[in-house]
Amino acid sequence: AAAALVSPGSTLPALRRDFDAINAILCAMLDEVQDRLARIWPLMALLDHVGCRTDEAVMQFSILRARDAAWDVATTLARLDGEQAARELARVDEWTAVLARLIRTPGVTVSLANLAIRVGELRGVPRVLDALS
């Protein structure tokens with residue numbers, strides 16, 4: 001939606017190169033983000049080692065799919081007038097809310113994995129900030 005607001009209508013395609021450049025930047029940051037997370041949750045380093053490059057591939061795929069969906073929304077919004085765009089944005093917001101509910105209440109398996117992560121992570125905001133700096 002932000003892309004359609006920045007480059008409305010027929011100007012949107014000119015933004016695609018910059019949009020894709022951001023995709024590359026986000027994917028390039030994955031190793032550093034994992035390293036920083038490993039400072040908070042030491043088992044992350046073990047998982048990263050065991051997963052080899054699989055975890056990065058899965059995360060890159062997820063990022064790119066989400067960004068492709070965002071671009072699709074932007075191209076749809078760019079073609080619509082104000083009222084139609086508002087309705088489409090409301091539809092996207094509803095879908096996003098459903099996805100958020102699924103993430104918030106993931107089920108037993110993911111909840112148990114989250115519990116394992118919480119048990120092993122650093123406690124306290126100052127300790128986390130120190131680990132990240």
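Visitor: What separates arginine 91 and glutamate 88 in helix H6?
Guide: About one helical turn, because they sit three residues apart in H6, which covers residues 82–104. A helix here is a DSSP run of H or I with at least four residues (strands are E runs of at least two), numbered from the N terminus. Bear in mind that this is a predicted model, where local features need pLDDT of at least 70 and side-chain atom pairs count only at pLDDT 80 or more, while totals for chains, interfaces and linings use all residues. Residues are numbered from 1 along each chain as its sequence is written, and side-chain values use heavy atoms, leaving out hydrogens and water.

Visitor: What makes the link between arginine 91 and glutamate 88 a salt bridge?
Guide: The term needs a side-chain nitrogen of Lys or Arg within 4 Å of a carboxyl oxygen of Asp or Glu. The closest N and O atoms of arginine 91 and glutamate 88 are 2.6 Å apart, so the pair meets that limit. The structure holds four salt bridges.

Visitor: What about arginine 36 and glutamate 32?
Guide: Their side chains form a salt bridge with N and O 3.1 Å apart. They sit four residues apart in helix H3, so again the separation is about one helical turn.

Visitor: Why is H3 called oblique to H4?
Guide: Angles under 35 degrees count as roughly parallel, over 145 as roughly antiparallel, 65 to 115 as roughly perpendicular, and the rest as oblique. H3 and H4 (residues 43–51) pack at about 140°, with axes 6 Å apart. That value lands among the rest, so H3 is oblique to H4. The contact (heavy atoms within 4.5 Å) involves Gln34, Leu37 and Ala38 of H3 with Met44, Ala45 and Asp48 of H4.

Visitor: How do you know whether glutamate 56 is buried or exposed?
Guide: Its relative accessible area is 3%, so glutamate 56 falls in the buried range. Glutamate 56 belongs to helix H5 (residues 54–79). Leaving aside residues up to four places away in sequence, its contacts are Leu30, Asp31, Gln34 and Asp48.

Visitor: And what makes serine 7 buried?
Guide: A relative accessible area of 10%, which sits within the buried range. You'll find serine 7 in the loop between helix H1 (2–6) and H2. It touches Leu12 and Leu15, again not counting residues up to four places away in sequence.

Visitor: Why is leucine 115 called partly exposed?
Guide: Its relative accessibility is 45%, so leucine 115 lands in the in-between range. Look for it in helix H7 (residues 108–120).

Methods:
Axes fitted to C-alpha atoms, helices over the stretch in contact; angles between N-to-C directions. Buried < 20%, exposed > 50% of the residue type's maximum accessible area, 1.4 Å probe, protein only.
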